[in-house]
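Here is a walk through one protein model, from its domains to its metal site. Keep the structure open as you read.

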Amino acid sequence: MQRNELMTWIHNQLQVDVFKDYAPNGLQLQGKAEIGHITCAVTASLAAIEAAVANGSDLLLVHHGWFWKSEPTVITDWKFKRIQTAMQAGLNIAGYHLPLDAHPQWGNNAQLAHVLGLKMQAQFGHQNLLAQGVLQDALSLADFNQQIETALQRQPTVIGRPEKPIQRVAWCTGGAQGFFQDAIDAGVDAYITGEISEAQYHLANETDVAFIAAGHHATERYGIQALASAIEVEFGIAHQFFDEANPA
Ligand SMILES: [Zn+2]
């Protein structure tokens with residue numbers, strides 16, 4: 001199908017205009033006009049670009065694209081290599097950041113809920129980026145920790161009493177440790193995000209709200225795959241997921 005037609009469809013489905021973001025959402029590098037095969041990945045890294053080129057994709061669809069607000073604007077060094085590799089192959093690159101985190105069905109938060117056995121009940125907080133829900137049956141923090149490790153294939157960093165019963169949970173995928181206070185205010189038993197900073201250790205101990213850092217990459221693998229699957233269902237464009245062993 002035509003690239004521009006697909007970009008418009010995604011733009012509308014993800015309600016891109018509703019979000020204030022730190023990077024452009026949508027087409028970031030123009031390639032071929034026709035899309036017949038898609039590679040999706042968490043990040044538009046050189047490895048992901050090379051994989052997409054090798055498997056004959058026309059579009060690399062990612063959660064972490066390029067041109068972040070804090071990033072140097074010149075095209076040199078690693079950024080040059082990425083752009084050059086994609087351009088030589090006519091590979092389109094499209095990124096969807098916050099709109100993909102928050103989408104109620106295909107979003108990273110909604111998809112992480114499926115993976116971890118959480119029932120999502122509400123979205124709240126800054127730009128609706130946090131999700132809130134419950135575990136069907138309460139688990140001790142130690143058992144929940146084990147369940148997360150098995151589901152994500154990565155050992156989380158957990159701050160809290162191992163015997164604490166966990167039922168009400170808030171979460172936000174990626175680097176959302178800064179939203180811990182919103183979760184505490186929401187009265188949940190535990191908060192899950194990707195990363196931890198120094199301060200959350202103390203907050204978790206002093207509030208008895210468990211803090212679980214389950215990996216930025218690990219918690220954000222699922223939204224982009226759900227979006228690519230939705231595209232496949234809607235338009236019949238096949239896709240494949242490129243994963244990396246990113247421990248962060
Ligand atoms: Zn992220």
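Between domain 1 and domain 2, about 660 Å² of area is buried, and carbon and sulfur atoms give 56% of it. Buried area is the accessible area (1.4 Å probe) that two parts lose on being put together, summed over both.

This is a predicted model: local features need pLDDT of at least 70, side-chain atom pairs count only at pLDDT 80 or more, and totals for chains, interfaces and linings use all residues. Residues are numbered from 1 along each chain as its sequence is written, and side-chain values use heavy atoms, with hydrogens and water left out.

The domain assignment gives domain 1 (3–96) and domain 2 (103–219); such bounds come from an automatic or database assignment. Their centres, taken over C-alpha atoms, are 29 Å apart. Nine residues of domain 1 and six residues of domain 2 make the contact (heavy atoms within 4.5 Å).

What holds across the interface? Four residue pairs are in polar contact, both residues at pLDDT 80 or more. A polar contact is a pair of N or O atoms within 3.5 Å; within protein, one must be able to donate a hydrogen and the other to accept it, and residues adjacent in sequence count only if both atoms are side-chain atoms.

Now the metal. His64 (NE2), His216 (NE2) and Glu220 (OE) coordinate the zinc ion at 2.0 to 2.2 Å. Donors are N, O and S atoms within 2.8 Å of the metal (3.2 Å for Na, K and Ca); water is not among the atoms, so sites may look incomplete. The donor spacing in sequence is H-x151-H-x3-E.
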